[in-house]
Amino acid sequence: MGIVAGLDSSSGFTRIVVCDTDTGAVLRQGYAAHPVEPKAAEVDPQAWLLSLGEAATGGLLEGVQAIGVCAQAHGLVPLDQQGGTVRPALVGNDKRAQVAAADLVEALGGRQAWAEAVGCVPQAAQPVAKLRWLARTEPDAARRIAAVLQPQDWLVWQLLGRPARRTTDRGGASGTGYWSAATGQYRPDLVELALGHRVALPEVLGPAEAAGVTPEGLLISAGTGETMAAALGLGLGFGDAVVSLGASGSVMAVHHEALADPQGMITSFADAAGTHLPVVHTSNAVRALRGTAEMLGVESLEELSALALKSTPGASGLVLLPYLEGERTPPLPHTAGTLSGLRRESMKPEHLARAAFEGMLCALADAMDVLRQRGVAVHRVFLLGAAAELPAVQAVAPAIFGAQVVVPQPADYTALGAARQAAWALGVAHGTLTPQAPPAWRGAAAQVFEPGEELAVGQAVRQQYGATRDQLHPGAFGA
């Protein structure tokens with residue numbers, strides 16, 4: 001038995017879990033908020049170290065043999081020739097690079113060119129778009145950039161004492177916009193296209209490789225992004241998909257190969273286990289529920305859920321297309337939501353509440369179909385987010401997704417994934433594990449829901465939704 005730690009440096013906090021290497025059981029936990037402004041678009045990376053130090057107080061890391069690090073997605077830490085920061089780090093929620101992203105799409109020849117090059121089309125959050133933004137708005141700073149890291153890479157480098165070698169992992173690299181999950185190679189020409197010159201990029205490690213060992217003998221694993229760490233913490237495998245229910249939504253699944261999508265609906269991430277995580281995003285998910293609750297004068301989503309369950313499948317013919325802020329899947333950025341099928345008998349609060357839940361889940365099922373139509377198997381769906389606990393979601397989702405639905409108990413899955421990566425690297429270093437498979441930790445405690453006899457009903461609801469969508473937005477999916 002050994003002890004490892006997983007460190008999640010999120011956008012607002014650092015969370016640390018200390019786990020048993022054999023079972024994954026959590027032995028100790030630490031937490032500290034980042035000393036930064038909420039929703040800040042840029043931050044001094046030293047704030048992450050201060051937060052880490054505070055979270056690790058009280059002997060939290062005593063006896064730990066290895067640490068895994070995950071961090072907020074799409075951050076960019078620009079370094080000068082000496083390894084100092086050229087300017088504050090740009091973080092993932094910074095949307096200032098929207099024009100820069102569109103500029104890059106055009107510069108390479110369109111969405112298909114990017115999808116074929118690196119498996120994704122530039123978005124404002126990605127490091128490649130941030131580099132373009134820096135080149136356009138801060139040219140003096142941009143010229144001084146000699147190397148770039150993401151937050152987890154920078155933290156790993158700091159923990160190791162800032163060695164000459166800088167590293168990342170394939171999961172984190174796949175989110176940059178200049179590394180291809182399909183080829184496993186950087187595209188330094190895309191960095192040059194964005195920034196105006198080439199820079200040093202971190203070495204991409206394999207899933208079970210160690211980034212190094214501290215002078216005290218503490219092994220540091222490769223590190224990864226939050227999405228990839230969460231997948232590892234949940235124990236996802238082939239046939240598994242994750243539906244994330246935030247204000248916006250996403251569907252991600254484990255697949256054996258990278259997928260290039262000419263329309264740009266699929267973002268082709270690598271994972272932290274040696275396989276791939278294609279992801280499809282929607283612009284609208286829980287925001288459709290909150291908007292409906294406000295329309296009906298309902299104070300909480302729990303009340304909206306109870307109201308929806310007073311209705312019947314199909315919501316008495318009401319269909320809500322929840323494209324309230326445009327939509328990414330299907331690509332309808334300038335459209336609006338639609339409520340269709342109004343009849344005198346359907347004009348009741350419970351039917352509108354039901355239509356909101358069905359519309360949100362049907363839109364996410366559309367996103368899942370984008371993956372399924374590319375050969376991605378989905379037999380089990382993990383639902384994440386507070387809305388996954390709503391009885392209406394749990395009642396409707398299995399039939400609409402046509403798969404078993406798993407609602408994991410709340411836990412620090414990103415930090416757990418980072419700890420599992422650390423245990424894997426430690427086991428390989430000690431010869432007790434192979435690089436082919438991570439340690440077999442206990443799966444997440446969860447509620448499980450089967451579609452059962454409701455499967456045909458769910459298919460009918462989807463047909464009603466699809467007919468309305470195709471009538472109002474013909475060819476939205478390129479059909």
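A salt bridge, as I use the term today, is a side-chain nitrogen of Lys or Arg within 4 Å of a carboxyl oxygen of Asp or Glu. Keep that cut-off in mind. One more thing before we start: this is a predicted model.

Let's start with one pair. The side chains of aspartate 366 and arginine 469 come together at 2.9 Å, N to O, and that is a salt bridge. Aspartate 366 sits in helix H12, residues 349-372, and arginine 469 in helix H15. They are 103 residues apart, so this pair links distant parts of the chain.

Is aspartate 366 buried or exposed? Buried, because its relative accessible area is 4%. Arginine 469 is at 12% relative accessibility, so arginine 469 counts as buried too. The cut-off for buried is under 20%.

Stay with arginine 469. Helix H15 spans residues 455-472, and arginine 469 has its place there. Which residues does arginine 469 contact, leaving aside neighbours within four places in sequence? Leu321, Tyr323, Asp366, Pro474 and Phe477. The side chains of arginine 469 and aspartate 366 also count as joined by a polar contact of 2.9 Å. From C-alpha to C-alpha, arginine 469 and threonine 338 are 9.2 Å apart in space. In sequence, 131 residues separate arginine 469 from threonine 338.

A network of salt bridges links Asp366, Asp369, Arg372, Arg462, Arg469 and Asp470.

Now the wider count. How many salt bridges does the rule give? The count comes to 20. As background, side chains of opposite charge can pair when their charged atoms come close.

Two further pairs. Take aspartate 412 and arginine 15. They form a salt bridge, with the closest N and O atoms 3.2 Å apart. Aspartate 412 is in the loop between strand S23 (404-408) and helix H14 (413-430), while arginine 15 is in strand S2, residues 13-20, so the pair ties together parts 397 residues apart in sequence. Arginine 15 counts as partly exposed, because its relative accessibility is 23%.

Then arginine 87 and glutamate 42. Their side chains meet in a salt bridge at 3.0 Å, N to O. This pair links distant parts of the chain as well, 45 residues apart. Arginine 87 is in the loop between strand S6 (77-79) and strand S7 (89-90). Glutamate 42 belongs to strand S4, residues 42-43. The two partners fall on either side of the 20% cut-off. Arginine 87 has a relative accessible area of 9%, so arginine 87 is buried. Glutamate 42 is at 30%, so glutamate 42 counts as partly exposed.

Back to helix H12, for two other residues. Glutamate 358 is in H12. Glutamate 358 is buried, because its relative accessible area is 4%. What lies 2.9 Å from a polar atom of its side chain? The backbone nitrogen of glycine 314. Not counting residues up to four places away in sequence, glutamate 358 touches Thr312, Pro313, Gly314, Ala315, Val396, Ile400 and Val461.

Proline 349 counts as partly exposed, because its relative accessibility is 41%. With residues up to four places away left out, proline 349 touches Leu296 and Leu307. From proline 349 to serine 305 is 11 Å, C-alpha to C-alpha, and 44 residues in sequence.

Next, helix packing. Two packed helices are described by the angle between their axes and the distance between the axes. Here the helices are H2, residues 98-108, and H4, residues 127-137. The angle is about 100 degrees, and the axes are 8 Å apart. The perpendicular class runs from 65 to 115 degrees, so H2 is roughly perpendicular to H4. On the H2 side, the contact is made by Ala100, Ala101, Asp103, Leu104 and Ala107. On the H4 side, Val128, Ala129, Arg132, Trp133 and Arg136 take part. How do these residues divide? Seven nonpolar, no polar and three charged.

Last stop, helix H9, residues 226-234. H9 is mostly covered, with eight of its nine residues buried. The buried ones are Glu226, Met228, Ala229, Ala230, Ala231, Leu232, Gly233 and Leu234. Glycine 235 follows H9, and its phi is positive, near 75 degrees.

How values were computed
Residues numbered from 1 in each chain as written. Predicted model: local features only at pLDDT ≥ 70, side-chain atom pairs only at ≥ 80, totals over all residues. Heavy atoms only, no water. Axes fitted to C-alpha atoms, helices over the stretch in contact; angles between N-to-C directions. Helix = DSSP H or I, 4+ residues; strand = E, 2+ residues; numbered from the N terminus. Parallel < 35°, antiparallel > 145°, perpendicular 65-115°, else oblique. Contact = heavy atoms within 4.5 Å. Nonpolar A, V, L, I, M, F, W, Y, C, P; charged D, E, K, R; others polar. Buried < 20%, exposed > 50% of the residue type's maximum accessible area, 1.4 Å probe, protein only. Polar contact = N/O pair within 3.5 Å; in protein donor to acceptor, adjacent residues only side chain to side chain.
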